[in-house]
Amino acid sequence: MNFGGSVSDSGGVGGSRVVAEIDPHSSGGAIAQPHFTPNSMQSSSALSLSIVQQNMDGHGDLDLIAESFDPGIIGRLREDEFEQSRSGSEHFDGASGDDQDPADEDDHPRRKKKYHRHTPSQIQELESFFKECPHPDEKQRSDLSRRLGLETKQVKFWFQNRRTQMKTQLERHENIILRQENDKLRAENGVMKDAMSNPICHNCGGPAIPGQISFDEHQLRIENARLNDELSRICTLAQKFLGRPISNLAAPPSLPSSTAGLDLAMGINGMGGLHAGSSHRLSMGFELGDGVGSSSPMMPLTKPAIGMPNELQHLNDRHVYLELAGEAMDELVRMAQADSPLWMKSSDGGTETLNVELYKTSSCISTRQSGLVTDASRDSCMVIINSMALVETMMDANRWTDMFPTLVSRASTIGIISSGPSGTRNGTIQMMLAELQMLSPLVPVRPLKFLRFSKQLAEGVWAVVDVSVDIHQDASSMNCRRLPSGFIVQDVPNGYSKVTWIEHSEYNESGVHQLLQPLLRSGIGFGAQRWLTTLQRECDALSFLMSSANPNEVPRGLSMNSKKSMLRLAQRMMQSFCSGVCGSLVHQWDKLCIDNVSDNVRVMVRQSLEVGEPSGFVLSAATSVWMPVSRSRLFDFLRNWQLRGQWDILVGCRPLQAMVQIDKDHEGGNSVSLFNAKGLDASNNNNMLMFQETMTDASGSIIVYAPITSTSSDIMRDVVYEGGDSTYVELLPSGFAILPCVTSEYVKEEGNGSDEGGCLLTVGFQIVCDGGQPTSKLTMHSVKTIIDLISSTVQKIKSALQINDGP
């Protein structure tokens, strides 16, 4: 007999073959005493796990077995261990002929009975019942035997063998796991033995085993390191007070090899200057000039004294940085006081400007350097963000860049000077690198290296201050330096905060075009008003997106994952557009020097091999022109997709259909959209997708768009409707930035950035050369194409707005 179909002809449970003898003359078909075949004494452990799994009739996977049964099966199998240990005798004793008639036994000699197998339907029924109840009681066994046409003892023996088989498999599975854990522990033990055989002293860096180095030599190594540190401190202090490098001190002797890697630095690394492009001459007759960022590289830390290791110099600089950050925080708090006499209100009662002469007599940090222009302003407003969230955003370089995408092109934290207690931001001082930008090719990017210090002034009141690390150095070769600038934020009810922002910097005006100089001097370019309006716009947009009140959303019911994917794509598009206009080092641009091209137009080139952009050479052209129309009128015209054909040569006469629109405010001025530019023929082969983002606030307006290439159309639809990954959507953005245009006379009369004096329009385009092939080359035809594109677009805008004066 095969027990439940799980004991094969050659194996049985544990590899033993069981043959049961049945007396045909017995009335109940009793099972005779079984006997074992010669291979029945083989050890069950000799079977591999795969063989056992094959003998389970459809239950080979242990995980599937565990999932198929009640969670209490394992415990009940272990509780039944004593019963199963006697299964070899109980199963067969019960079948040894207890139900046979003694008279028949005397009359008929024992003879070999016919072998009986369960039918597949019986096995299936027993397996199904075993999944529900591996331990049936007497009544359940009787019902099963009656329903299946088996005897009660046959049912009982089948369940006992099935439980034994299950227990055996589980034990083998556990043995495999334990064997793997044992191997892992052996490996870890070996690693620990190797480490213990070669210990290193943390004080001097030499071997720590007394047998390998003498005690006296060990002490000398420690003393040598201490004296070297003390010598460096003395050199630094002498240099600070004498005002010149110390050259009459010999360089300290080098440490032995065991101490060469002694880490005495303060943890600042990665402070190399920014990449500067190289100069090239192209065959078509124009020059590839120096990299955009090469004229103003970020300065390294203070130069180390002669004969002094850089690590020790950085350690001593830490005390200077702590003192500088403390002075900057004190000055920020003093300048933020409401009744401070340092500030003069503008004529409209809004932004306040600094009284420079009074500031020079009271500041303990720095005075105005010759050749630099001062830009200092103060403003305050209510923002829908709490103080802790704003502080966390400012102290995280990536979140800071995301919060101010049009102001900060890139930022990174290169060192922690001081950490707050218990992981808080209170008292944290960190050194950062950043590039500040204004959306015009006529204003150079401002690279900065500065300290950022956050401090809690009271419950719910925080302050964050920035100050350049080179604040005391000569300003003759500087592009820009940041004097104590930052904000004080105070929590108010309903989730809002009152933010008072102070922006104070000095910059070199020689690299700024005359058209933009009045605007920068008025504080609109990098002043406190621009920082606050950007902060307000981003916080309001986040609050609006989190709410459900968006009546203009297209299509209705767009999933949150789809919105997030499109917003991430819009963020990448905006960053790429700002880099193409300003020439920041987010991408490594090289400036092209081309004859017969206006100085107002800047053309740059880079090679693109990044994911999310077409491969090949990318050309960027940008210019800024004055427009005698109001900023609001120009912005409404450019963002109106129904009027797009009047200036966009890519759209032309194609009808546009809005596929997606995600508003970020109630007015719709801040939104992310996807349009479908249909082809003029009946087929859909010439359709083109256009992705667009618009931004507007009191400091300016931006329209950025990018055509979606045919290779990315399917990916874009997956982003829209399924919330897919937008990383692989290829785009090259173009667009417009509209800034208030301020003339010198207008600043004297109004002192603000109203629309009445016209506006400043920045136009930027990016194209890929020769169809975007990786092997494409930069040609004069491509350069001429993008320059003509800039000129024709400006002329079409003027014609559409009925502006008669020339460019």
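Start with the largest cavity, whose volume is about 140 Å³. This is a predicted model, in which local features need pLDDT of at least 70, side-chain atom pairs count only at pLDDT 80 or more, and totals for chains, interfaces and linings use all residues. Residues are numbered from 1 along each chain as its sequence is written, and side-chain values use heavy atoms, with hydrogens and water left out.

A cavity here is a set of points on a 1 Å grid over the protein atoms alone where a 1.4 Å probe fits but cannot get out; lining residues have an atom within 4 Å of a point. Points are joined across faces, edges and corners, and the volume is the space filled by probe spheres set on them. The count is 10 cavities of 30 Å³ or more.

Select Thr406, Arg530, Ser699, Gly700 and Leu739. Of the 18 lining residues, these lie nearest the centre of the largest cavity. Now colour α16 (528-546), β20 (688-697), β21 (700-708) and β22 (734-740): each gives two or more residues to that lining. Helices (H or I, at least four residues) and strands (E, at least two) are DSSP runs, numbered from the N terminus. The lining divides into 8 nonpolar, 7 polar and 3 charged residues. Ala, Val, Leu, Ile, Met, Phe, Trp, Tyr, Cys and Pro count as nonpolar, Asp, Glu, Lys and Arg as charged, and the others, Gly among them, as polar.

Next, pick Thr351, in the loop between β5 (343-345) and β6 (352-354). Which residue lies 178 positions from Thr351 in sequence but 6.8 Å away, C-alpha to C-alpha? Gln529. Thr351 also touches Asp379, among others (contact: heavy atoms within 4.5 Å), not counting residues up to four places away in sequence.

Finish at Glu357 and Lys360. Their side chains form a salt bridge (3.5 Å, N to O); the term needs a side-chain nitrogen of Lys or Arg within 4 Å of a carboxyl oxygen of Asp or Glu. Both sit in helix α12 (residues 356-362), 3 residues apart, so about one helical turn separates them. The count is 23 salt bridges.

How values were computed:
On a 1 Å grid over the protein atoms alone, a cavity is a set of points where a 1.4 Å probe fits but cannot get out, and a pocket is an open set with protein on both sides within 12 Å along at least five of seven lines; lining residues have an atom within 4 Å of a point.
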